[in-house]
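Here is a short briefing on one protein chain and its ligand. Keep the structure open while reading.

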Amino acid sequence: MSWASKLSKPYRIDHGKKFRLKDFDPGATAQIRSKEHAKELLEKGIAEMADLQDKLYAQDRWAVLLIFQAMDAAGKDGAIKHVMSGVNPQGCQVYSFKAPSSEDLNHDFLWRTSKCLPERGHIGIFNRSYYEEVLVVRVHSDILKNERLPDGLVSKNMWGERFEDIKNFERYLSNNAVVVRKFFLNVSRAEQKRRFLERLETPEKNWKFSAADVRERECWNDYMIAYEEMIAATASPRSPWYVVPADNKWYTRLVVAAAIVDTLQDLKLAYPNVDTEKRQQLQAARAELEKRKS
Ligand code: ATP
Ligand code: MG
C-alpha cells in the first residue's frame with residue numbers, strides 16, 4: 001500500500017450504513033511522528049500530485065472533481081491553496097459556490113454546479129457545492145422558500161430524495177469518467193471558536209470574519225446532524241467521502257493531499273502511446289531541425 005493510501009484510508013467512507021460522526025476525532029494526527037515528518041510527506045505528496053496531474057492532462061481520458069464542504073473556518077480555502085500549490089493551473093479550475101443568484105434559483109438545484117464540471121484531463125475543485133442543498137437549505141427553512149418549489153414537492157421526504165438524486169448524479173458522472181471525491185473538513189466547535197477569535201484579534205484576518213458565521217455557529221448541532229445523514233446517504237465506493245480531521249491545519253492538508261494522490265494513483269495514468277506514424281513524424285521533424293543552420 002502506498003503512503004498516500006495508508007494515510008488517507010482511515011478517513012475514507014465508502015459505505016455510509018454504519019457511519020457516525022462521533023467516531024471521527026477532529027483532533028486526530030495519526031501516523032505522523034513529528035511536524036518535520038508531516039512537512040516531508042506533504043512535499044512528497046505535492047510533487048507526486050504534479051507528476052500525476054501531468055499524465056492526467058496528457059492522457060485526456062479522466063476528469064477529477066474534488067468537493068470541499070465544511071463549517072466556517074474549518075480551513076477549506078487554506079487546504080485548497082496548499083494542496084494545489086504544485087499543480088499546473090492550466091489543468092485545474094476552482095469554483096466557489098455562495099448563496100445562489102436569482103438566475104440559479106430559476107433552475108433545478110444541480111444546474112449551477114453542472115455548468116462548472118471539469119473537462120476531461122482536468123481537475124475541478126468545488127469550494128462548497130450542490131451539497132449545500134442538503135445542508136444550509138435544510139437547516140434554514142426560509143432558504144428553501146426562495147427555491148419556490150410547489151407545495152406538493154416540499155416534505156420531510158425531500159431530503160432523502162435529494163440524497164438519491166445526488167447519488168444518481170454522481171453515479172452518472174463516474175460512468176462518464178468524472179472521478180468524484182468529497183471532503184468534509186471536520187473541525188471541532190471549540191477550535192472554530194478559537195479561529196473566530198483569532199480572526200477578530202488579527203488585523204490581517206479581520207476581512208475573513210463575518211457576523212453571519214457566528215449565527216451559523218448557533219445551529220451547530222443541526223448542521224452536524226445534517227452532515228452525518230448526508231455522508232451516510234451519499235458515500236459510495238465510486239464517490240467516497242473523506243472525513244478529514246481539521247483541528248490541525250497541517251494534518252488536514254496532508255490527509256487531503258494523500259487522498260488526491262491515492263485517487264490519481266488508482267487511475268493508472270500514463271502518457272499516451274506514440275504510434276508508428278507519429279514516431280516517423282517526430283523523426284522527420286528532428287532531422288529537419290538538425291539540417292538547418294539556425
Ligand atoms: P467560505 O465561508 O466558504 O469561506 P465566504 O465566507 O467567502 O466563503 P460566504 O459569503 O460565506 O463566502 O458564502 C458562502 C455562503 O453561501 C455560505 O453560508 C453557504 O452556506 C451559502 N450557500 C452556498 N450554497 C448555497 C445554496 N445552494 N443555497 C443557499 N446558500 C448557499
Ligand atoms: Mg463564510
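Buried here means under 20% relative accessible area. With that cut-off, both faces of strand β6 are covered: Trp241, Val243 and Pro245 are buried on one side, and Tyr242 and Val244 on the other. The model is predicted.

**Overall chain**

- The chain has 13 helices and six strands.
- Its C-alpha trace spans about 75 × 50 × 40 Å along the principal axes.
- Of the 294 residues, 48% count as buried.
- The accessible surface comes to about 16,200 Å². Carbon and sulfur atoms hold 50% of that surface.
- Among contacts with a separation of 6 or more, 82% link residues 24 or more positions apart.

**Sheet layout**

- Six strands form an open sheet, in the order β1-β6-β5-β2-β4-β3. The pairing is mixed.
- The edge strands are β1 and β3 (92–96). Each of these pairs on one side only.
- Strands of a sheet pair through backbone hydrogen bonds, either parallel or antiparallel.
- β1 (residues 12–13) pairs with β6 in the antiparallel sense, over two bridges. In this pair Ile13 stands opposite Trp241 of β6.
- β5 (residues 178–186) and β6 run parallel and are joined by five bridges. Asn186 stands opposite Pro245 in β6, and the bridge partner of Leu185 in β6 is Val244.
- β2 and β5 also pair in the parallel sense, over eight bridges. Val64 stands opposite Val179 in β5.
- β2 (residues 63–70) is joined to β4 (residues 123–127) by five bridges, and the two run parallel. Leu65 has Gly124 as its bridge partner in β4.

**Buried strands**

- In a regular strand the side chains alternate between the two faces of the sheet.
- Why is strand β6 largely enclosed by the rest of the structure? Five of the five residues of β6 (residues 241–245) are buried.
- Strand β5 is likewise largely enclosed by the rest of the structure, because nine of its nine residues are buried.
- Both faces of β5 are covered. Val178, Val180, Lys182, Phe184 and Asn186 are buried on one side. Val179, Arg181, Phe183 and Leu185 are buried on the other.
- The buried residues of β5 thus include the charged side chains of Lys182 and Arg181.

- Is Ile13 buried or exposed? Ile13 counts as buried, because its relative accessibility is 7% and the cut-off is 20%.
- Beyond neighbours within four places in sequence, Ile13 is in contact with Phe19, Phe24, Ile231, Ala235, Ser236, Pro240, Trp241 and Val243. Two of these, Trp241 and Val243, are among the buried residues on one side of β6.
- Ile13 and Pro237 are 224 residues apart in sequence, yet their C-alpha atoms are 7.9 Å apart in space.

**Glu170, in a helix**

- Glu170 lies in helix α8 (residues 158–175).
- Glu170 is buried, with a relative accessible area of 1%.
- Which residues does Glu170 touch, not counting those up to four places away in sequence? They are Ile67, Tyr130, Tyr131, Val180, Lys182, Thr234 and Ser239.
- Val180 and Lys182 belong to one side of β5.

**Ligand 1**

- Ligand 1 is surrounded by 14 residues. The closest are Asp72, Lys76, Lys98, Arg128 and Glu133.
- The shell divides into six nonpolar, no polar and eight charged residues.
- α3 (76–83) and α6 (136–139) each supply at least two residues of this shell.
- An N or O atom in the side chain of Asp72 is 2.9 Å from an oxygen atom of ligand 1.
- For the side chain of Arg128, the distance from an N or O atom to a ligand 1 oxygen is 2.8 Å.
- Ala99 takes part through its backbone: an N or O atom there lies 3.1 Å from an oxygen atom of ligand 1.
- On its own, ligand 1 has 630 Å² of accessible area, and the protein covers 72% of it.

Note on methods:
Residues are numbered from 1 along each chain as its sequence is written. Chains are lettered from A and ligands numbered from 1 in the order in which they are written. This is a predicted model: local features need pLDDT of at least 70, side-chain atom pairs count only at pLDDT 80 or more; totals for chains, interfaces and linings use all residues. Side-chain values use heavy atoms; hydrogens and water are left out. Buried means under 20% relative accessible area, exposed over 50%, partly exposed in between (1.4 Å probe, protein chains only). Helices (H or I, at least four residues) and strands (E, at least two) are DSSP runs, numbered from the N terminus. Two strands pair if DSSP finds at least two bridges between them. Contact means heavy atoms within 4.5 Å. A residue is near a molecule or strand if one of its heavy atoms lies within 4 Å of it. A polar contact is a pair of N or O atoms within 3.5 Å; within protein, one must be able to donate a hydrogen and the other to accept it, and residues adjacent in sequence count only if both atoms are side-chain atoms. Accessible areas come from the Shrake-Rupley method with a 1.4 Å probe; for residues, only the protein chains shown count as cover.
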